[in-house]
Structures are given as C-alpha cells and as structure tokens.
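Dear colleague,

I am handing over the structure we spoke about, with the sequence alongside it.

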Amino acid sequence: MISAPQPAVVHLFTLFRQIGAGDLRIPAFQREFVWKDNQIIDLLSSVRDHFPIGSILLWYVDRKMMEIASHQLTAFPDVPESYPTNYILDGMQRLSTLYGTFHFQAGQCESFNVYYDLRGRRFIHQRDLVADEINSAIPLSALISPRSLLEHQARLARMNDGDALLDELLRTQAAFQDYMVPVVRIQGNDIDRIVGIFERTNSTGTRLDTIDFMRAITWNQSFDLNHYLDLVREPLQVTGFELSDETIIKCVGLLLGVSPSGEGLLSLRNRSPGELRDAFLSFPDKFNAVREFLRQGFGIQNIAFVPYEGQLLVLFKTIGMSEAKSPIELDQIKRWFWAVGFNESLRGKPDHYVVRAVSDWRALINGQIRGLETRLRLSKDDFFERRLIRGKALSGAFAAMFAIHEAKSLMTGEKINSSEFMATSDLRAFESILTGKELKESGLDVGPSPRIFPNVLLRSLADLDHPGPVDWRSHILKLGEEGRVDVLISQFIDKDSIAALDSGSYDEFLRRRAELLHAKAYTLVGA
C-alpha cells in the first residue's frame, strides 16, 4: 500500500532527537559527506538568519529495504538498527552538517567543529579562530547542552560587554531552537510506485532520480553500485569520454537486455550481484568500440560533441554490442548520427522515442521512425543564419564536420588534429573571419555575435604562436594568391568565395561558404 507524500514542518531540534533515536537513517548508497567548509558555514548562517534551506525527503519503511551507512562514515550516531524507520533520500548533506556541528566530539571530522563568534556574529571553524575571537566564541554543541551552556554564560557574564554577548547567545540559541524544517515523507514498499510518487514531487526541489533509487535498491554487501560506477568511470575521465552515471547504467542495462527506461532500470534490482558485476566489467571494452567508431568515423574526440544520450545508446547497442555487422548497416548508422546532429532531431523528444530508437534500431536507420528520419532538413539559408553556440547539437555536428573534412591550419598548412580542438567543449578554436563591425558596415545584421557558421574557421594551437588577433581576410586572400587551394578548401573556402571576399562582397562570400558547408553536410547524411 502506498500513501501520498506527507508534507510536514518539523523543529530542527526534533529532527536531532529523531536522528539520535535511529528514526532517521542514512542509506549506504548515499555518497560520503562531501560539503566544503564554506558550505557548512553558509548553511548555519541561513538557519541563524531564518532563511529557508529546502525540504528533506524521507522514505518511511516498516522493514529493511536498504543497507544503513556505517556511523564511521557519517555524522550520525551508532544506534542499533530497528524498524520502522525513515531513510533520508534527499537532505543527507544538510542534516549531516546540522547534526554533526551540534553534536561534535573529539575524533570526528574537524569540519563539524564549528563555533559562533558572538561579538563578530559569524560562524567559524575552531581551527580558524584568532586570539581576539576565542573569548567571545562558543561551540555550537553548547547550544544543546544545558550544563555547557550555563558554563559559557557564567564566563561571558564576567566580560565587559557580557550583557550584549549574552543577549546574542540567547538570540542564536532561540533561532536554532525555533527553526522549522519542511519534511516530505513517502510511505510504502512498492519501489516502482515510490519512484513515480517521487518524480511527481521532484518539482519541489528534491533531486533524487531513478539512478539514485537504483543505487539504493541494488546496494548490498556483495554488490555496491557506487563502487562499480567509480571503477568504469575513472578510465573514461582521461579519454575525453566521461559519461554520466545514468548513461553508464543504461548501457549496462542494454547488456542485460533491459530497456533504457526508468521502469527497465528499476528491474535490474531483480538481477543477481554476479550478473550486474559481469555486465559492469564487460562495459569498458564495449564502450571502447563506440569511442573508436566516433573517432574514426566522425573525428570526435570528446563526449561534448555527441549532443544526445540517445545517440550514444544507439551506438552502444549497434557498435558496442556488435549487433550491426554489415558495411551497409554501419554506413546507415553513420548517416543517421550525422542527421540527428544537423537536424537536432532528439531535442525535446520524450524518453519513449529513445527507447524505441534503441530497441528497433534497424527501423531507425532505415528511416521508419517518424521524426528521426535519415535526411538533412537544414537548408543553405539555415547554414547562413545559424550561430556557433557551445552545447548545441548543430554546433557539435558543425565542429565534427571540420574534423572529418580534415581541416588544415591557414597559417601552417598542417592538418589540425581533432583531438587538439576537441580537448575542451568551448569551441574556442573557431574564430570569426570578419568582425561584427565589418559585417554591419557591409549591411549584414548578424545579431550580437559574428560567429555565424559561414563566418568562422578552425584555428590550430600552433596558430597561437602568432600573438594578437589575426586579419583572417588578408590571410585568406594571400593563400589564394599563392594557390594554396588545398588548405583553403579544407576550411570550406573555394575560388568563388575568395573572389567575393576580395571584392568586398561579404554577403556573397558568406553565402558561398554556406553552400559549401551545406553540400558537405548533405554528403555526410547522404540524402
């Protein structure tokens, strides 16, 4: 039986008592405490100033559903496990901070050893206290210990400004004692419905997702999902292909014959630790095949230039899992990949589009899934008007087109290695040929930035040896005079566009380049 989410507002010190009694528990799947010192101070200051700190999401259970995190890894006390209890699904860092700072003891994480300087009216870590702050500062733990509080009050009363300090002490204690925290509690043992309820409450600001639930429900002493995610993620970080946890798990699910949907991923809880472990261990080799396919077929050296997760999942299913074997199918997959980037086909598409694309990939590459057909929708005018913008699918395809076209440096004539300009995702290797001022003076209004597609070229790191801005117009004309057609055409600049540039017909120059770019895209998509 599942109850609706139960919102409530609870005093902060009541939450402390519940934690001490074992009524609130940190599941073992949660990451360790990772907040920095300044985040701790900011949270305490927010409570002191009566600012909201967000809601806490709890899952009330009447039997064991997850492993409990060891007290040695948390700020929570070592309390014998019993049921019913509440798992903290969202708010672990905040509750750890508040409970840890008010219950700090020697031997615990020093980040929780926080004092309040009554004179300076600020929170400060004990290790950061200076001489003139020591006498006017009290540990937060004193605010919940009557004996300690009386001792500090007696000490403060003997000081010249004791009355003012005592007033500030009482105001601070009252601020924490009276502070109310919003709490939302979900109750029930049906995992699928719990996730559904959570997704409907997600608009309140909580951040747990299907993958977090997976961490929780697959965690046990023989299989820790976090461990295997770290294991496969680490080598990806140094290759430019760092994947999100969700994408990794979806790929692992595909290896186990599971749909990359929330329902499909949750079904992994029924798999044995051995099955999950084997799938994770086989993932790196499978994904390496995808990475090599992207490098060799598209010149892509960085995951940032693969704009949609759906593209990766289709490649993992077809290339990584070797389901596509014939040269015809491999060629169709390449053409589909280009089409998705140029057309931005997956933008705003619901999850079921991706699920169908992955499960029925042969129909996909044959153009039988509406909205994802393998054909170029962009016109020459689109290439003339669209702008190079970081993170956009079309811009990623545009950049990859330069890689596959083997663009050469206009300064050295050497091929620009795609690993060089794709090392980052900021597209800074692309520079404007004509300045915004030049374009406006010629009657072209391109908006706030001159970085429209036909007005950018690719610059190599070697070009940076030439300090200061480059007069690309003069440089292009010089290469034209020298007959370096091979270099110019590699950057989509032909004789007609050079002639237009030389005559000052900038509109004609840009439109000719847009034609060349469109022609290349048309060739890559193949339709």
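What follows is a description of a sheet, a cavity, a pocket and a few individual residues.

Please keep in mind throughout that this is a predicted model.

I begin with the sheet, which is open and built from 3 strands in the order β6-β5-β7, with antiparallel pairing. The strands β6 (122-125) and β7 (137-139) stand at the edges, and because each has a single partner strand, one side of each is left without a neighbour in the sheet. From one strand to the next, the twist averages 35°.

Strand β5 covers residues 114-117 and is joined to β7 by 3 bridges, the two strands running antiparallel, while 4 bridges join β5 to β6, again in antiparallel fashion. If you look at Y115, you will find it opposite I124 in β6 and opposite P139 in β7, and the bridge partner of Y116 in β7 is I138. The strands β5 and β6 form a hairpin with 4 residues between them, and in that turn R121 has a positive phi of about 55°.

Which way do the side chains of β5 point, and are they buried or exposed? V114 and Y116 point one way, whereas Y115 and D117 point the other way, and all of them are buried. In a regular strand the side chains alternate between the two faces of the sheet.

The residues that line the largest cavity are I300, F305, P307, Q311, F337, W338, G341, G396, A397 and A400. Two helices, α14 (327-343) and α18 (393-404), are the elements that give two or more residues to this lining. By class, the lining of the largest cavity holds 7 nonpolar residues, 3 polar ones and no charged ones.

The second largest pocket has a volume of about 270 Å³. It is lined by 16 residues, of which H71, T74, A75, F76 and Q108 lie nearest its centre, and the lining of the second largest pocket divides into 8 nonpolar, 7 polar and 1 charged residues.

Some backbone details may also be worth a look. Most residues other than glycine have a negative phi, and most peptide bonds are trans. The peptide bond from Y83 to P84 is cis, with omega near 5°, and P84 is placed in the loop between β3 (56-61) and β4 (85-90).

H50, in the loop between α2 (37-48) and β3, has a positive phi near 65°, and H50 is exposed, with a relative accessible area of 54%. F492 also has a positive phi, near 60°, and is found in the loop between α22 (485-490) and α23 (495-502), but F492 is buried, with a relative accessible area of 2%.

Finally, T523 is found in helix α24, which spans residues 506-525. The residue T523 is exposed, because its relative accessible area of 57% is over 50%, and its side chain reaches the backbone oxygen of A519 at 2.9 Å. T523 and R335 are 188 residues apart in sequence, and their C-alpha atoms are 9.0 Å apart in space.

With best wishes

Definitions and conventions. Residues are numbered from 1 along each chain as its sequence is written. This is a predicted model: local features need pLDDT of at least 70, side-chain atom pairs count only at pLDDT 80 or more; totals for chains, interfaces and linings use all residues. Side-chain values use heavy atoms; hydrogens and water are left out. Two strands pair if DSSP finds at least two bridges between them. Axes are lines fitted to C-alpha atoms, for helices over the stretch in contact, and angles run from 0 to 180 degrees between N-to-C directions. Buried means under 20% relative accessible area, exposed over 50%, partly exposed in between (1.4 Å probe, protein chains only). A polar contact is a pair of N or O atoms within 3.5 Å; within protein, one must be able to donate a hydrogen and the other to accept it, and residues adjacent in sequence count only if both atoms are side-chain atoms. On a 1 Å grid over the protein atoms alone, a cavity is a set of points where a 1.4 Å probe fits but cannot get out, and a pocket is an open set with protein on both sides within 12 Å along at least five of seven lines; lining residues have an atom within 4 Å of a point. Ala, Val, Leu, Ile, Met, Phe, Trp, Tyr, Cys and Pro count as nonpolar, Asp, Glu, Lys and Arg as charged, and the others, Gly among them, as polar. Grid points are joined across faces, edges and corners, and a volume is the space filled by probe spheres set on the points.
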